[in-house]
Amino acid sequence: MTDKIIIFDTTLRDGEQSPGYSMNTDEKMYLASQLEKLRVDVLEAGFPSASEGDFEAVQMIAKKIRGIEVAALARTSKHDIDAAWGAIKEAANPRIHVFIATSDIHLKHKLRMDRNQVINKTLEAVKYSKQFTDNVEFSAEDGSRTDRDFLCRVFEAAISAGATTVNLPDTVGYAIPREFAELVAYVKAHTPNIGKAILSLHCHNDLGLATANSLAGINAGARQVEVTVNGIGERAGNTSLEEIVMTLHTRRNYLPYFTTINTKEIYPSSHLLAMITGISVQPNKAIVGANAFAHEAGIHQDGVLKHKTTYEIMEPATIGLETSRLVMGKHSGRHAFRDRLSELGYDLSESEIDQLFKKFKDLADKKKEIADEDLEVLVAEELLRVPDIYKLKYLNVISGTTTVPAATVQLEIKGKKVEQKAEFGVGPIDATYNTIARLTGTKSRLLRFSIDSLTGGTDAQGGVTVRLEEEGVQTIGKGADPDIIIASAKAYINGLNRLEHLKRRRSRQN
Ligand code: KIV
Ligand code: ZN
């Protein structure tokens with residue numbers, strides 16, 4: 001048996017379907033290109049039968065990403081499998097991933113099927129998929145709560161119909177490591193022809209055990225793990241890619257397996273996902289959290305200064321985390337600018353570089369030193385966004401201890417300038433938002449508002465994230481600027497643009 005662990009990334013499917021993480025097609029394309037650089041073995045691009053938007057995004061990814069496998073998810077119906085194949089048929093290396101639930105709980109309450117019906121559905125679905133491609137994965141949803149012998153029968157059926165990978169999910173994150181390892185060993189020992197397929201694992205993190213369960217399952221014989229960047233995914237998330245890859249990398253003495261992940265792209269991937277979704281990684285998150293390589297306690301600092309290995313088990317550079325930060329300023333040229341973006345993981349076209357370089361120069365006029373984070377904000381602001389209906393042209397705010405805060409805003413709406421004079425508010429941001437709401441006539445509700453300092457110092461870029469809701473459609477908006485009120489206005493306007501885009505997409509689908 002090989003010691004290579006196949007990394008199946010489902011950030012764009014299981015991750016993207018979880019609340020707060022939805023992405024538009026352009027955003028998915030950026031992330032897919034980054035995952036290709038990270039060299040995941042398989043990229044699950046989405047669930048094409050879920051919506052027209054999902055279908056289109058998977059299709060675009062399948063056409064563009066040539067260096068790794070591209071998978072699409074389907075239930076066992078012909079309709080779903082046709083949609084999955086339709087979306088990925090132009091991929092260089094397509095994989096159809098079919099699934100059906102196998103636990104008695106799901107059979108009784110969700111599928112209302114008996115076990116024989118599930119076996120027949122499995123056989124039919126895998127056979128039907130095989131006429132399109134040889135590369136077919138089968139998943140037994142809620143596998144960890146499935147009767148063991150029935151699970152083996154289902155996998156036997158899938159393999160007899162031609163599945164090349166069989167996946168055992170801990171769908172509800174219920175398993176604990178020793179139990180899960182025993183289950184994997186049982187499946188290996190009791191499923192006829194299991195050697196003809198790769199055994200895969202897909203763990204959720206409801207008890208915080210997804211990584212531990214996946215590692216236990218690898219030790220018991222699984223050779224593929226399904227993971228997401230930053231561990232995002234349904235409820236408490238999926239197994240985190242960075243935790244699996246870096247544990248295997250760091251503890252080779254105990255876990256004699258390897259991946260072919262380009263570890264230097266781990267941090268850029270984590271950061272890009274956070275920039276796109278507007279959801280920051282928790283500071284104490286293993287490997288990629290802001291504190292993962294920070295040493296605060298005096299004793300620790302002293303130890304690290306004497307010898308890094310006293311308190312560091314990994315080199316930050318291994319995951320692509322540079323320690324040198326401030327590199328660019330107003331004297332930097334286009335060449336250095338392009339090189340730095342490329343080091344940060346952004347492969348941009350010449351016209352995208354031109355567009356960004358102009359904005360970079362504007363920013364450099366306001367801010368002495370431009371940090372990597374500033375550059376990433378520029379990319380997110382300029383390139384990762386939907387076409388604008390509303391554009392901020394002018395904002396003037398008065399505020400202070402003896403005045404009622406008021407804001408004057410000028411917006412361009414569909415190419416036409418509209419002006420609205422001072423609305424008041426309880427503070428300058430409230431006044432700005434009231435004015436923008438009047439101008440746009442939005443009926444949206446502001447569900448969340450957060451401000452982060454993206455870089456250090458009093459000339460730091462403020463990053464604002466808002467979450468808006470209208471007619472059941474939710475989206476986030478992001479804005480960044482050294483002036484926190486302008487950043488807030490940009491975030492609100494960005495959210496309103498996304499909301500319009502999503503509402504239009506939904507009405508086209510209806
Ligand atoms: O959690 C799960 O069971 C899944 C399957 C579709 C693989 O996401
Ligand atoms: Zn899942």
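**Strands, zinc site and ligand shell**

Visitor: In β5, which residue is the bridge partner of alanine 101?

Guide: Alanine 101 has glutamate 141 as its bridge partner in β5. This is a predicted model, where local features need pLDDT of at least 70 and side-chain atom pairs count only at pLDDT 80 or more, while totals for chains, interfaces and linings use all residues; side-chain values use heavy atoms, with hydrogens and water left out. Residues are numbered from 1 along each chain as its sequence is written, and chains are lettered from A and ligands numbered from 1 in the order in which they are written.

Visitor: How many bridges are there between β4 and β5?

Guide: Strand β4 (residues 94-101) pairs with β5 in the parallel sense over 6 bridges. Two strands pair if DSSP finds at least two bridges between them. Helices (H or I, at least four residues) and strands (E, at least two) are DSSP runs, numbered from the N terminus.

Visitor: What about β5 and β6, in which sense do they pair?

Guide: β5 and β6 pair in the parallel sense, over 3 bridges. Phenylalanine 138 stands opposite valine 166 in β6.

Visitor: Which residues of β5 are on each side, and are they buried or exposed?

Guide: Val136, Phe138 and Ala140 are on one side and Glu137, Ser139 and Glu141 on the other, and all are buried. Buried means under 20% relative accessible area, exposed over 50%, and partly exposed in between (1.4 Å probe, protein chains only). In a regular strand the side chains alternate between the two faces of the sheet. Since 6 of the 6 residues of β5 are buried, β5 is largely enclosed by the rest of the structure.

Visitor: Which way do the residues of β1 point?

Guide: From strand β1 (residues 6-9), Ile6 and Phe8 point one way and Ile7 and Asp9 the other way, and all are buried. β1 pairs with β8 in the parallel sense over 4 bridges. Two of the partners in β8 are glutamine 224, for isoleucine 6, and valine 227, which aspartate 9 stands opposite. β1 is also joined to strand β2 (residues 42-46), which runs parallel to it, by 2 bridges, and there leucine 43 is the bridge partner of aspartate 9.

Visitor: And β8, what covers the count on its other pairing, with β7?

Guide: β7 and β8 pair in the parallel sense over 3 bridges, and histidine 202 stands opposite glutamate 226 in β8. Both faces of β8 are covered, with Gln224 and Glu226 on one side and Val225 and Val227 on the other, all buried.

Visitor: New topic. What coordinates the zinc ion?

Guide: The donors to the zinc ion (ligand 2) are Asp14 (OD), His202 (NE2) and His204 (NE2), at 2.0 to 2.2 Å. Donors are N, O and S atoms within 2.8 Å of the metal (3.2 Å for Na, K and Ca); water is not among the atoms, so sites may look incomplete.

Visitor: How are the donor residues spaced in sequence?

Guide: The spacing is D-x187-H-x1-H. Aspartate 14 lies in helix α1 (residues 11-15) and histidine 204 in the loop between β7 (198-203) and α9 (210-219), so the pair ties together parts that are 190 residues apart in sequence. Aspartate 14 and histidine 204 are buried.

Visitor: Which residues are around ligand 1?

Guide: Arg13, Asp14, Phe99, Ser139, Glu141, Asn167, Pro169, Thr171, His202 and His204 (a heavy atom within 4 Å). By class the shell divides into 2 nonpolar, 5 polar and 3 charged residues; Ala, Val, Leu, Ile, Met, Phe, Trp, Tyr, Cys and Pro count as nonpolar, Asp, Glu, Lys and Arg as charged, and the others, Gly among them, as polar. At least two residues of the shell come from each of α1, β5 (136-141) and β6 (165-170).

Visitor: What lies 3.0 Å from an oxygen atom of ligand 1?

Guide: A polar side-chain atom of arginine 13 does, and an N or O atom in the side chain of histidine 204 is also 3.0 Å from an oxygen atom of ligand 1. For threonine 171, the distance from a side-chain N or O atom to an oxygen atom of ligand 1 is 2.6 Å. Taken alone, ligand 1 exposes 260 Å², and the protein buries 94% of that (Shrake-Rupley method, 1.4 Å probe).

Visitor: Backbone next. What is phi of arginine 112?

Guide: Phi of arginine 112 is near 50°, a positive value in a residue other than glycine. Arginine 112 sits in the loop between α5 (104-111) and α6 (115-130) and is exposed, with a relative accessible area of 67%. Asparagine 230 also has positive phi, near 60°. Its place is in the loop between β8 (224-227) and α10 (241-250), and at 13% relative accessibility asparagine 230 counts as buried.

Methods:
Polar contact = N/O pair within 3.5 Å; in protein donor to acceptor, adjacent residues only side chain to side chain.
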